[in-house]
Amino acid sequence: MTAGLPVPSQTGHAGLSSLIMDPECSQLLPALCSVLADPRQPVTDDTCLEKLLDWFKTITEAGSSLLLLQENPCLLGLLCHVLKPQDLSPRVLAFSLRLAGMLAAQEDCFQYLQGDSSLFVASAAGQLLVHVLGLSLQGPAEGHPGLQTGDWPVCAQKIASHIEESLRSAATPQITQALNVLTTAFGHCHNPWTQVLWVRLSPLVASLLEKDPVPAAHSLVDLLLSVARSPVLSSSSCGLWETLAQTLSHLSPTQAGPLALGILKLQECPQALRAQAFAVLLQPLTCVLEATAQAPGLLDSLDGTGGASVTVDTLLPSKAACVGLLCRTLAHLELLQPLPQRPSPWPQAPLLGATVTILRLCSGSATPASDAGGHLCAFLVGCVRVQRAALDFLGTLSQGTGPRELVTQVFAVLLEYLTSPDSSPTVLKKAFQATFRWLQSSPETPGCSDLDPHAQLFLRDLLPVLPKRLCSPCWEVRDSGLEFLTQMIGRWGGQAGFRHALLASEVPELTEQLLRDPESYVRASAVAAMGQLSSQGLRVTPASPEHPGGQQKSLLAELLHILSTDSEGFPRRAVMHVFTQWLRDGHADVARDTERFVARVLQVASQDLDWEVRAQGLELALVFLEQTLGRPSSHCPYAVTPPVAAPPSPLAQALRPLCRVQLFEFAFRALFDCDRPVAQKSCDLLLFLRAQTASYSGPQGSGSVPEVASVEAALQRWQAGDQGQPLGYLEPEVVVAVLRSMDLEGLRGALAESSDRVEKSPRSLLQDMLATVGALGEDEADCY
C-alpha cells in the first residue's frame, strides 16, 4: 500500500458532502483512508473496494467534481492509491478509472493504462479518455460545429493528438487502442465535435486499408459501424460509404462478415453498398453450391447478387477456416432473415438449397461432383458445430416459402438427422426444433387446421423413430424427444390425423414410463408431456392383468405423488404448471372435485422448499379465485376496480369455497415468505381480492369481528418468523376485515425495493472494509 494518502479532518465536511454522505459515513471515511495509507493493514476484500469506487462514481454525478474533491481530498487519495496497484484486482482498477473519468483527472496515465495487459483496465482507460474529452469540450465547442480541433481546449487537443499518433504507429496494439477509443466516442457522444474529430482522423483510418494485412481489423470494423450508426456522422459528407466499400473489399471473408452484417442492418445505406455487403455475406454458400454442382438456377440466384467469383480453395482453404467461416455466415444470415431491412428480394430457394447441402455434407450423404466438393465433404463430415449452425438457420428459413421440391428435401434431411445413430444429442435437439418449426409453417388444408398431406406423410415416418429416442441411454436425447412431443401435442393434439398416428404408436405409454426416469430434467419434461396427453384425451394405459377391463391408474394421483415426494425441484415445478393449466382449462379430473383438488395442491405446495413451486401455487390460487368470483384479474393485479354493485350475501357465499380450500392461509403465509418473488405474488393476489370485495357491506372494522384480532396476532407472529400455528377455517367476514386492516400497499412498496438496499449502502461498505483489517469492533461489521 502507498503511504501518504491525504486524510480529511475527523470532524467531517459540510457543503456537498453533507448532501451525499450521512454523518456515520463522514465519520467512517477518514478511518478508511487511514487504513489505506497504512501498508501494514492491507484491504484484502477487493469486492468491497470495487463497490465503494462504484458508489463514489455515482455520487460525483450529483454535483461539482472540484467541490467534491475540495471537501473530500481522501477521494483523490483513494484514486491515487488504486490507480497503479500491485496487489489489487484489475477490476478494482477499472472502477477507479471510471471514477477518475468523472473527476476529469489523471489524464497523464492514459497511454500507460491503455497498454495494460488486463482487458478491464485497458477498456476502462479508453472510456476514461473519452469521458475526459467530452468533459473538456462541454460548453462553447458543443454549440459550434465549425470549431476546428486547433481551437479546442488544450486537454482535448492533447487527447486528439494522442489518438492521431497511435493511428500512425506501426504497432498493432497502439492502433487497436486508438480505434477502440474512437468507437467508444462515436458510439456514446453525438455532439457536433465528433464530426470535427472524424474529419481530422478519417484519412488515417482509411490509410490502414493500404497495409497488408490490415491491422486491428476487428476494431476497425467496430469503429466504422459505430460511425455509420451515429446520427451526426452518417449524415455528413465525410466519405464514410466509400470507406466502408473499400474495407469490404480489403478484409478477408472472415473479417468482412461482421461488417457486411452491420451494413445490412443499417436503416439507411446506399443500395450499391448493401448489394456489395450481401454478396460478401453469401460468398461461402455460393462456393458450397458451386462445389457440389447444385441446380444452375440456385447458383445463379446467389451469383446474381453482384459479388466477385471466389474459388472454394481460396475461401475455404482448411478445415478450421471452413468450419469457422460457415458457422459465422449461417449465424449472420440467421440474424438478418427476420429483419425488415433485409435485402429484397430475399434468395429463399438458394439459401434453402445451400443449407440442405451443408447438412448433407456434414452427414456424409452428399455426393461431391468435383475435387473441391470432396475437400468440403472431408472438412465437414461429422462436424457438430456446422450441423448446429445449419439446423438453426434452417429453422429460421421456415418463416419463408420455398418450392415444393426443396421443402421435400428439407423434411428428408431433417428425418435423416432424427433417425441417424450418429447424430449427437445437441444436434438432435436442434433437429427436433427445426422440424417443429417447419411443420408449423406447412400449408394447412383449406377449411381444416390439420397437418397438410405432405407433413402427415413425414409424421408417419417420424413417429416410429420417436420411441427409439425416448428409450435412448442418453438423457439429453430423451429430454429433447419429450419436449418435441409436448410441442406437437399442444399444436395438433386436437386434429384427427395427428391423433390417429400418435395413438397407433408406443409414444404415450413410453412417455408415462419416463415419469419415473432417473434424470430429473427428463421427469419434468415427461410431466409436461403427460399433462398435454391427458388434456387432449390421448393418454392410453392398458388395464393391469390383475384388473382386466378396470380403470387406468389416475394420472392426477401420480402427479400429486411426484409433487409430494420428488427430491428434485424441476419435476415438482412441472407438476404445478400442469395443475394450473388443468384448472384453467377445466380438465375432467379436476372438475370432478375442484375444491378437493385445489385444497390438496395448496397444502403440498405450501410445504415445498422450492420457491418457484410456492409461487406457482399462488398462480393456481389466483386461477381458482377468478373462477370462483367469476371475475378475471386485470393486467395489473393490484389495480383497484370500481365497486361492483352486488348484494353482500352472494359475495360472502362466493368467498366460502376459497375459505374451505384454505386459500387465505396459503396466501397469508406466502405474504411473509423469505423469498421476495413469492411475497410479491401473494401481495398482488390479496390486493386483487380486496378490490373485488370492495362492495362487501359486512363488518367494517376489525373490532366488530372477534376472530379478526386473533388472526392479526397470528399474522404478526408469522411476520416475526413463528409460523407454527395454523389459522384453520376463516369466515368470509373475517377475511374481508383482515384484508381491509392490512397495509398491503405499504408492503408492496417495501417488497419492490431491492432487498440489498441496506447492504449496498455506503455505510455498510465502509464498515465491511474496515472490518477486514480489524478497525471496527466485533459487532460493528455489516456482514451480509
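**Thr396**

I started with Thr396, which sits in helix α22 (residues 384-397); helices here are DSSP runs of H or I with at least four residues, strands are runs of E with at least two, and both are numbered from the N terminus. I am working on a predicted model, where local features need pLDDT of at least 70, side-chain atom pairs count only at pLDDT 80 or more, and totals for chains, interfaces and linings use all residues. Residues are numbered from 1 along each chain as its sequence is written, and side-chain values use heavy atoms, with hydrogens and water left out.

I looked up the accessibility of Thr396 and found 4% relative accessibility, so Thr396 counts as buried. The cut-offs are under 20% relative accessible area for buried, over 50% for exposed, and partly exposed in between, with a 1.4 Å probe and protein chains only. Setting aside neighbours within four places in sequence, I find Thr396 in contact (heavy atoms within 4.5 Å) with Glu334, Gln337 and Arg437.

**Whole chain**

I noted 42 helices and 0 strands in the protein chain. Of its 784 residues, 51% are buried. Among contacts with a separation of 6 or more, 72% are between residues 24 or more positions apart.

I checked the length of helix α13 (residues 217-229): at 1.5 Å a residue its 13 residues should span 18 Å, and its end C-alpha atoms are 18 Å apart, which agrees. The expected span is 1.5 Å times one less than the number of residues.

How many of the 13 residues of α13 are buried? I get 10 of the 13, so α13 is largely enclosed by the rest of the structure. Among them are Leu220, Val221, Leu223, Leu224 and Leu225. The buried residues of α13 pack against α11 (172-188), α12 (192-207), α14 (240-250) and α15 (253-265).

I then read the loop between α12 and α13, where Pro213 is placed. A cis peptide bond joins Asp212 and Pro213, with omega about 0 degrees. Ala216 is in the loop between α12 and α13 as well. Ala216 has a positive phi of about 50 degrees although it is not a glycine, and at 13% relative accessibility it counts as buried.

For reference, most residues other than glycine have a negative phi, and most peptide bonds are trans.

**Other backbone entries**

I found a cis peptide bond from Ser344 to Pro345, with omega near 5 degrees. Pro345 is in the loop between α19 and α20 (348-363).

Gln662 is not a glycine, yet I read a positive phi of about 60 degrees there. Gln662 lies in the loop between α36 (648-660) and α37 (663-671) and is partly exposed, with a relative accessible area of 38%.

**Cavities**

I counted 4 cavities of 30 Å³ or more. On a 1 Å grid over the protein atoms alone, a cavity is a set of points where a 1.4 Å probe fits but cannot get out, and lining residues have an atom within 4 Å of a point. Grid points are joined across faces, edges and corners, and a volume is the space filled by probe spheres set on the points.

The largest cavity holds about 70 Å³ of space. Which helices each supply at least two residues of its lining? They are α15, α16 (271-291) and α19 (319-336). The lining includes Pro253, Gly257, Val280, Leu281, Arg328 and His332. I sorted the lining residues into 5 nonpolar, 4 polar and 1 charged; Ala, Val, Leu, Ile, Met, Phe, Trp, Tyr, Cys and Pro count as nonpolar, Asp, Glu, Lys and Arg as charged, and the others, Gly among them, as polar.

**Salt bridges**

I counted 20 salt bridges, each a side-chain nitrogen of Lys or Arg within 4 Å of a carboxyl oxygen of Asp or Glu.

Glu483 and Lys429 meet in one of them, at 2.8 Å from N to O. This pair links distant parts of the chain, with Glu483 in helix α27 (residues 475-492) and Lys429 in helix α24 (residues 425-441), 54 residues apart. Glu483 is partly exposed at 33%, and Lys429 is partly exposed at 29%.

Glu619 forms a salt bridge with Arg584, the closest N and O atoms being 3.3 Å apart. Here too distant parts of the chain are linked: Glu619 is in helix α35 (residues 611-629) and Arg584 in helix α32 (residues 569-585), 35 residues apart.

Arg592 and Asp589 form a salt bridge at 3.1 Å, N to O. Arg592 counts as exposed at 62% relative accessibility. I also noted that salt bridges with shared partners join Glu164, Arg168 and Arg200 into one network.

Key:
On a 1 Å grid over the protein atoms alone, a cavity is a set of points where a 1.4 Å probe fits but cannot get out, and a pocket is an open set with protein on both sides within 12 Å along at least five of seven lines; lining residues have an atom within 4 Å of a point.
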